[in-house]
Amino acid sequence: MTSILAITNQKGGVGKTTTAINLAAALALRKKKTLLIDLDPQSNATIAFVDASDVQISMYDVFTSPSPDLNKVIKPTKDPNLFLAPAKLSLARLEQQLAGAFDAPYKLKDSLAPILKNYDYVVLDTPPALGILTVNALVASTHLIVPIQAAYFAIEGTDDLLETYARIRSRPNPDLKVLGVVITLFDRRTNISRDTHEQIRAVFGEALFKTRISKNVRLEESPAYKETIFSYAPKSPGADEYKKLSQEVIQRVEADRSARHTQDAA
Ligand SMILES: Nc1ncnc2c1ncn2[C@@H]1O[C@H](COP(=O)(O)OP(=O)(O)OP(=O)(O)O)[C@@H](O)[C@H]1O
Ligand SMILES: [Mg+2]
């Protein structure tokens, strides 16, 4: 069974894209066949791998074509286990274009269905908004991963996300689960980081991943060189932490899978 992980938080600049890219790359390094789908019109995950000018067809075409073929959009990367479905700025037009379409929230789920068997993991990078693209991600996913920046007011806004999550679970996707919350941009030297960590732990408890992602300039630099952290700075703390996070992700996914299996058998 393929696990589809939406990296989501409607707050901007909290490390969604950095997490999507490097978690996907870490899963691929662990020999999991992984598809990274860019659902953000800003296309930050896309341009971390390819030049925007090299993207002819993109997720926009998947959302708007009457007979979408995700395979036509998917590009290989330098890692033979990692594939990319790129975005373009045109995705920003979807909100208006899909308004009124009865199947608007299901477009991604439907287009993924025929290709899921080719992948162990699908990682979705989502935009900083709870619009139609994020709703498509939540409908198509098996699990959410919520990056939260270690900064004041970090938790503000997560209420809206959790409310949307509850709504999606009540109807289109009852099996959706929060796989975990991951602290990003952590700086152990600051009180802000330490206080926020405590606050996030108090709110999210067990859902919090043990691995924290520290502030690490290598993580900021690598996309400019079209590298993941593992090829750009394999010995950096960022590489080490995303590797550890991928291990926790796999453990939680597998624990969840066997729990569901036991439930089904009962
Ligand atoms: N651990 C980190 N250490 C240093 N810089 C980081 C780290 N994580 C992310 N950044 C940088 O912080 C900025 C925001 O990160 P990122 O783009 O991943 O956030 P985002 O949540 O995807 O933003 P948006 O909401 O705009 O899509 C980027 O410049 C990124 O390179
Ligand atoms: Mg982003």
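Mentor: H1 is mostly covered, with 14 of its 14 residues buried. Buried here takes 20 or more other C-beta atoms within 10 Å of the residue's own, exposed takes 12 or fewer, partly exposed is in between, and C-beta atoms are placed from the backbone. Helices (H or I, at least four residues) and strands (E, at least two) are DSSP runs, numbered from the N terminus.

Trainee: And what are the ground rules for this model?

Mentor: It's a predicted model, where local features need pLDDT of at least 70 and side-chain atom pairs count only at pLDDT 80 or more, while totals for chains, interfaces and linings use all residues. Residues are numbered from 1 along each chain as its sequence is written, and chains are lettered from A and ligands numbered from 1 in the order in which they are written.

Trainee: How far apart are the end C-alpha atoms of H1?

Mentor: They are 20 Å apart, which agrees with the 20 Å that the 14 residues (16–29) should span at 1.5 Å a residue. The expected span is 1.5 Å times one less than the number of residues.

Trainee: Which residues come nearest to ligand 1?

Mentor: Gly12, Lys16, Thr17, Thr18 and Pro128, out of 18 around it. Near means a C-beta atom, placed from the backbone, within 6 Å of the molecule. H1 gives the most to that shell, with three residues. By class the shell has five nonpolar, nine polar and four charged residues. Ala, Val, Leu, Ile, Met, Phe, Trp, Tyr, Cys and Pro count as nonpolar, Asp, Glu, Lys and Arg as charged, and the others, Gly among them, as polar.

Trainee: OK, switching to the core. Which residues have the most contacts inside the largest one?

Mentor: Ala24, Leu36, Met59, Val123 and Leu124, in a nonpolar core of 71 residues. Its largest share, nine residues, comes from H1. Such a core is a set of buried Ala, Val, Leu, Ile, Met, Phe, Trp, Tyr and Cys residues joined through C-beta atoms within 7 Å.

Trainee: What does Leu36 touch?

Mentor: Leaving out residues up to four places away in sequence, its partners include Ala20, Ala24, Leu82 and Val123. Contact means C-beta atoms, placed from the backbone, within 7 Å. Ala20 sits in H1 and counts as buried because it has 28 C-beta neighbours inside 10 Å. Ala20 and Leu36 are 16 residues apart in sequence, yet 7.4 Å apart C-alpha to C-alpha.

Trainee: What's the strand order in the sheet?

Mentor: The open sheet of seven strands runs S3-S4-S2-S5-S1-S6-S7, with mixed pairing. S3 (75–76) and S7 (177–184) are the edge strands, each pairing on one side only. Pairing needs at least two DSSP bridges between two strands. S2 (34–38) and S5 (121–125) pair in the parallel sense over five bridges, and Leu35 has Val122 as its bridge partner in S5.

Trainee: Last topic, backbone angles. What is phi of Lys31?

Mentor: Near 70 degrees, a positive value in a residue other than glycine. Lys31 lies in the loop between H1 and S2 and is exposed, with 10 other C-beta atoms within 10 Å. Leu185 also has a positive phi, about 50 degrees, but Leu185 is buried, with 23 other C-beta atoms within 10 Å.

Conventions:
Contact = placed C-beta atoms within 7 Å.
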